[in-house]
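Open your viewer and get ready to select residues by number. This tour moves stop by stop.

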Amino acid sequence: MSHYKSGLLLIHPAVTTTPELVENAKAQATSMNVKFVDQFLINKLNDGSINLEKAKYEIIKYLTPEAPADIQFPKKLIPVLAESLTPNGSLIGLSDIYKVDALINGFEIVNEPDYQWIRKDFSKLNQTVSIPLKNKKTSSTKSQSGNNKLPTFKKASGTTTKLPSFKKASNAELPILKKTEDFQSPSFKMAAEPKVYKVVDDLIEDSDDDFSSDSSKAQYFDQVDVEDDSIEEEDLIDENDSGKPMITMITCGKSKTKKKKACKDCTCGMREQEEKEINDVRSQQEKVVKFTEDELTEIDFTIDGKKVGGCGSCSLGDAFRCSGCPYLGLPAFKPGQPINLDSISDDL
Amino acid sequence: MSPSKKIVILYGSETGNAHDFATILSHRLHRLHFPHTFCSIGDYDPRDILKCKYLFIICSTTGQGELPTNVNALKCERSVTFWSFLKKKNLPSNFLNHIQTAMLGLGDSSYPKFNYGIRKLHQRIVTQLGANELFDRLEADDQAMAGSNKGTGLGVESVYFEYEKKVLNFLLKKFPNRKVNGQVIQREQLDPQIYLEPLSYLQISDRIAREDANKIKIEFQGDKSVKIGRVNTNKRITSDDHFQDVRQFKFSNVEKNSEDYEPGDTAAIYPCNTDEDVSRFLSNQSHWLEVADKPLIFTNGVPNDLKDGGLAKPMTLRNILKYHCDFMSIPRTSFFLKIWTFATDVTKMERGQEQLDDQREKLHQFATDEDMQDLYDYCNRPRRSILEVLEDFLSIKLPWKYVLDYLPIIKPRYYSISSGPGDPDIELTVAVVKYKTILRKIRKGICTSYIASLQEGEQIRYKLQNNHIIKNDFLHKPIILVGPGVGLAPLLSVVKADVFKDTRLFFGCRYKDKDYIYKDILEDWARAGKIVLYTSFSRDTENSPGVKYVQDYLWKLGEEITDLVVNKEAVFFLCGSSGKMPIQVRLTFIEMLKKWGNFSNEETAKRYLKEMEKSDRYIQETW
């Protein structure tokens, strides 16, 4: 009774609107002697903002409103989840749709007592599975050991890769910009006062002008108001229809995933994540800026030995700093000159 | 006022997102020389719809699936708004068949009534009144999980730009040419470096300035409905060691000794910037200093946006910055779109021309990048203010005469009234907004920190808004009041009004001895039998055994409360911050109806709740 199995609760974002589902899952877990030590939204895992520890959980439960046959789950996370399970740990909530991925990643699919995936024991895995996997060289190297998988996992979600991807994206934009707006001067050089243009708009009358509003419509503006002659706004919505929203796929645009802001009453762990990020940045700031009583108004950022980021853009302000810059959150400053901290001193 | 045009862009905006996207669209159309009318749905004169041929609507959703406030805001010179006119039953089904329309909804699928705003407009304007759609309406989702961008991981921005592309494609195909001095020429986009001159802007007045503009008392002109109040009380009512500063704030009209309002009404407070922040702005744009206190006039009348709340007189740059320009707010895309071209001051660049070019490029990217991630990370995430952006980009040298075109206007903030009906001492309950980001300076809400700074005797501008939340039919019936935290504010007014027979009040907060606001009054009322009080303290189990939140207490008393609702026609009034709380209470309420209200299933219970909402017997005020 004293030992709980440590569990991870993964949540499909649509579940956040029905918190009782989460409560049910937790209650159910407790009755099975499982304690969810972590709870994450699946998209946080998918965009790499959360990394899982290896072999941490005995049970992973994926909570989604989708029917088992309709589950859409990012395949790349299946090896990640496998990694984070202890040997013989189980993954509950995925279905046979991902059967192949389950097998590739060393899971055994069990139907009794409940449908679940069991992570095969490491030592056994190499012996028992080695023969069938010989046929497929690629998958055998993938699933033979967790160590082999690690590099791919890192590539997908490690924080170190953020920087290059950011650079890539912004480089790619420039040519597009130039292409579409050729008439613009090639660089942004423009030191003179910008020109100002007074709006001169014109619309040449179009051919279907005859299809204009019929004069009889004007009468509706002159009618005397009678009480209660308006439709009910609520009646404009057909509740039964709202399940199928107007969907238009947008195919343009880039693939950067947007970082979300935590909701006011955040329960998914995002708030904690945000606070951690803020505290991390602030402790970085403490390293480069040591504030003492006399330094409250003026700080010299150029003192030897202070940490400087690798990009050389530290002094230019947050818009130009790299993501790991120790000066993030501090104002732009002039290299070699003391910076006035009046404007940022109320929190010191 | 210019006459209404054939092309019309309307927006319904609560927090400013829809307004900003509409501003970008309007800006694009101007740059392509398309004449058009651009205003909020509430500001649009219903008669002008007869002249309109191309109607573009961008609208968000607020509260529980409602249209934003500026859809229904009524201008005093009109008796009916565009939307209330369109809702008239007697309009024929071809009433809008002369119109071609395209709609964009901004929503958030974590709310159950996702994009109801645009769906209501669509249902009425297209389906019922016969407007023709240029293309299917688009619905953007802030969660990027459902709606228009399902599964693509793309945010609201990409849906907007898709909308913009479709609109521009249509218009350019329809009107490829324009006339200049009688000559037909091809329509081409204006050079992006050119600034579009606003219709009316500032210039120095010819009149000789009276001695010192600073010493003259500030007055606000042009809005007859704005009132002046005197601050009587401004007291912190949470304990000093509690993280949140909540104020009991009382004021009264300086002129008259009576006010007309009811429980559920709100007061609009007009905040201003601090003198320190104004000085900081002026020293950043140091070329403004020499004209900062000179009297100014508009070249072509006062812009519409400045009429609400009155215009500060004497009109000087300093006063305009203090009372009208929200430069401590987070910049939106349209700000960068307008100002990037003013990054010209090479003298402030350490690394000269190269650095200037870098700054121009970065600002231009913020203005035009369709994937707004970098802008979001730079501004929205750390809640960086416009002033802080200017301090980072020292090359920006702004022309003061257009200041009201490129800086956002300070808007009033609304607070529920806590005092009893008609009490001349108007009382508000205000939680002071403060939070931390990676920026070292604490982030503050402009209006709540303005209120927190006010001393007794100081004057404020305000308006009262009658919301008619409580219907006369329900007076003298039982009422169930649910208001955790500052949600208590309007409920106090209900109790003081003394118009209900049996009042049950559910209050909740974190700790009994930290943020249990108005404890003495509530407990006095409970002792006197004026209310039955149920408190829950979510982080204080010792004082709140067995119940954590208000909904837990509701459930605990489920049978009794359900009886009041179902058999005694009790009113249910729920207030507080939006988010999970109102959703949880609602779910609890439905479960109560199912268990104790004789409703056989979920469907009938939900239908009953819907009926209650329709007749305003289940009232929800969340913010």
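## A tour of chain B

Start with strand β22 of chain B, residues 479–482, and strand β25 of chain B, residues 571–576: four bridges join them, and they run parallel. The model you are looking at is predicted. Now pick out one facing pair: B:Leu481 stands opposite B:Phe573 in β25(B).

Next, show the whole sheet around this pair. It is an open sheet of five strands in chain B, in the order β24-β23-β22-β25-β26. The pairing is parallel. Find the edges: β24 (532–537) and β26 (618–622) of chain B each pair on one side only. Neighbouring strands of this sheet are turned by 10 degrees against each other on average, direction ignored.

What holds strands together in a sheet? Strands of a sheet pair through backbone hydrogen bonds, either parallel or antiparallel.

**Stop 1: a helix across the sheet**

Select residues 580–596 of chain B. This is helix α18, and it lies across β22, β25 and β26 of chain B. Helix α18(B) runs at about 155 degrees to β25(B).

Which residues of α18(B) and α19(B) meet? Show side chains on both helices.

- From α18(B): B:Phe589, B:Ile590, B:Leu593 and B:Lys594.
- From α19(B): B:Glu602, B:Ala605, B:Lys606, B:Tyr608 and B:Leu609.

Colour this contact of α18(B) with α19(B) by class. You will find six nonpolar residues, no polar ones and three charged ones.

**Stop 2**

Zoom in on the contact. Helix α17(B) brings B:Gly558, B:Glu559, B:Ile561 and B:Thr562. Helix α18(B) brings B:Met592, B:Leu593, B:Lys595 and B:Trp596. By class, this contact of α17(B) with α18(B) has four nonpolar, two polar and two charged residues.

**Stop 3: the domains**

Zoom out and colour chain B by domain. The assignment gives these ranges:

- domain 1: 7–186
- domain 2: 226–269 + 414–468
- domain 3: 272–411
- domain 4: 472–622

How many Å separate the centres of domain 1 and domain 4 of chain B? Taken over C-alpha atoms, the separation is 38 Å.

**Stop 4: an antiparallel sheet**

Now show another sheet of chain B. Six strands form an open sheet in the order β17-β14-β21-β12-β13-β18. Here the pairing is antiparallel. The edge strands are β17 (413–416) and β18 (426–431) of chain B, each pairing on one side only. The twist averages 40 degrees from one strand to the next.

Select strand β13 of chain B, residues 246–253, together with β18(B). The two pair in the antiparallel sense over six bridges. Look for B:Phe249: its bridge partner in β18(B) is B:Leu428.

**Stop 5: two backbone details**

Go to B:Pro314. It sits in the loop between β16 (311–313) and α7 (317–323) of chain B. Is the peptide bond from B:Lys313 to B:Pro314 cis or trans? It is cis, with omega near 0 degrees.

Then jump to B:His476, in the loop between β21 (459–465) and β22 of chain B. B:His476 is not a glycine, yet it has a positive phi of about 70 degrees.

**Stop 6: two helices side by side**

Finish with helix α1 (residues 17–31) and helix α5 (residues 156–174) of chain B. They pack at an angle of about 30 degrees, with their axes 11 Å apart. That angle makes α1(B) roughly parallel to α5(B). Helix α1(B) passes α5(B) in a right-handed crossing.

Show the side chains that meet. B:Phe21, B:Leu25 and B:Arg28 come from α1(B). B:Tyr160, B:Glu164, B:Val167 and B:Leu168 come from α5(B). The contact of α1(B) with α5(B) divides into five nonpolar, no polar and two charged residues.

Technical notes. Residues numbered from 1 in each chain as written. Chains lettered and ligands numbered in written order. Predicted model: local features only at pLDDT ≥ 70, side-chain atom pairs only at ≥ 80, totals over all residues. Pairing = 2+ DSSP bridges. Axes fitted to C-alpha atoms, helices over the stretch in contact; angles between N-to-C directions. Contact = placed C-beta atoms within 7 Å. Nonpolar A, V, L, I, M, F, W, Y, C, P; charged D, E, K, R; others polar. Domains from an automatic or database assignment. Parallel < 35°, antiparallel > 145°, perpendicular 65-115°, else oblique. Left-handed = near helix turned anticlockwise from the far one by under 90°.
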